[in-house]
Amino acid sequence: MTKELEHNFVTDLEKHQNIVHKVCRLYTNSQDAHNDLFQEISIQLWRAYPKFRGEAKFSTWMYRVAINTAITLFRKSKRRVQTQDFDTVLFKIQSSEYDDTEEEQLKLLYKAVKQLSDIDKALVFLYLEDKNYTEIAQTMGITEVNARVKMNRVKGKLKKILNP
Amino acid sequence: MDQLDLLKKDWKKQDGSLPKLSFEELTSLIHKKSSSVVKWIFIISVLEFVLPHLILLFPSFRNVDAQMESLHLQNFNIIISVVFYVGALIFVYLFYKNYRSISANSNPKILMQNIIKTRKTVKYYIWFALSMIPIVGGVFSYHAFNTPEFIAKLPDGASMAVVWAVTIVVLLILVGIFWLIYQLIYGRLLNKLKANYNDLISNGNRGNLEDI
């Protein structure tokens, strides 16, 4: 039974691992830190899995556990030296798809997101993942009104960081 | 176009560039050791429950019973021991109950509330344990200061008020030192979590940590 449970879990995790990688990219600055957080999220998901009753989609449940781990449960390792900058490690999609101005703008935007608080990053993450305000509110445990207010503030903060 | 919408357009294109871990790699990963803050909270909390009792291992504390007996404080000794151990058991039960409620399945708000609640149980236990120092110290000193041996040892003209003032200051310093050490451990563990909690609940449903 446990083996079957583990097999089902890892199959689902393998299928949806992108969600975890994206959370890691948002909350860490180096490959080592990324790997550490990915490991901790995977462990927390596995531990919480027996209580996942399928009321929500596996991916929806993953968002919650991954965000919980990134903002609350994960204890950053002191031995990790953060050597690489956010925009040099992440999101290497650019090139031919954008013109230089847009690419530069995106770089600055990712850098600005990096400067947000843990909670703001979670809100931005869910927004970028195409979640509506009801889903964002439910995932974070806040009211929909609060989610909207916070998102507007985040947009304001980003503008301020980009145009000081 | 809104800046976040520009980001969203780009965000969706990153899937191809993300690492892909195999089934085997993921299987081995989930069995590795967790470095969760909850694990540390549990370890430190258990230590905090155990440490006040370890003090009895020091030789100078071992003969407390004999000293209490010589001052005819056996009954007080029994009462304070019962109060302390019953209190400690109640706190251990509450701690266990709150600790069990910590789950990564909860939403971030509930998760943070439950962690803070669990730590608060330990905080109240520490207050409770520290309050024993002035109570036991005060009663013990009161009886010790009234023995003929103590009065005979007092220098001529020494006032009891000064003796009491010094005793109270020493007891308060003792409590203060323990309290500071505790605040350091407590603060280190929960500062970030408290900041995140306040950040999360700000605006719409404003509240604060004292509401928990």
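Colleague: What pattern does chain B follow, read along the sequence?
Modeller: This is a predicted model: local features need pLDDT of at least 70, side-chain atom pairs count only at pLDDT 80 or more, and totals for chains, interfaces and linings use all residues. Residues are numbered from 1 along each chain as its sequence is written, while chains are lettered from A and ligands numbered from 1 in the order in which they are written. Chain B has nine helices and zero strands; both are DSSP runs numbered from the N terminus (helices H or I, at least four residues; strands E, at least two). The pattern is α-α-α-α-α-α-α-α-α.

Colleague: What radius of gyration does chain B have?
Modeller: The C-alpha atoms of chain B fill a box of roughly 90 × 40 × 25 Å along the principal axes. The radius is taken over C-alpha atoms, and the globule rule is 2.2 Å times the number of residues to the power 0.38. A compact globule of 212 residues would come near 17 Å, but chain B has 26 Å.

Colleague: Which element gives the largest share of the side of chain B that touches chain A?
Modeller: The contact takes 43 residues from chain B and 48 residues from chain A; two residues are in contact if their C-beta atoms, placed from the backbone, lie within 7 Å. Elements of chain B giving two or more residues are α1 (3-11), α2 (23-29), α3 (37-54), α7 (108-145) and α9 (160-201). The largest share, seven residues, comes from α1(B).

Colleague: Is α3(A) parallel or oblique to α7(B)?
Modeller: The axes of α3(A), residues 58-73, and α7(B) come within 10 Å and cross at roughly 40 degrees. Axes are lines fitted to C-alpha atoms, for helices over the stretch in contact, and angles run from 0 to 180 degrees between N-to-C directions. Under 35 degrees is roughly parallel, over 145 roughly antiparallel, 65 to 115 roughly perpendicular, and the rest oblique. Therefore α3(A) is, relative to α7(B), oblique.

Colleague: How many residues of the contact of α3(A) with α7(B) are nonpolar?
Modeller: Ile67(A), Asn68(A), Ile71(A) and Thr72(A) meet Pro108(B), Leu111(B), Met112(B) and Ile115(B). Ala, Val, Leu, Ile, Met, Phe, Trp, Tyr, Cys and Pro count as nonpolar, Asp, Glu, Lys and Arg as charged, and the others, Gly among them, as polar. With two polar and no charged, the nonpolar count is six.

Colleague: At what angle do α1(A) and α2(A) pack?
Modeller: Residues of α1(A) including Phe9(A) and Leu13(A) meet residues of α2(A), among them Leu37(A) and Phe38(A). The axes of α1(A), residues 2-27, and α2(A), residues 31-48, lie 9 Å apart, at an angle of about 135 degrees.
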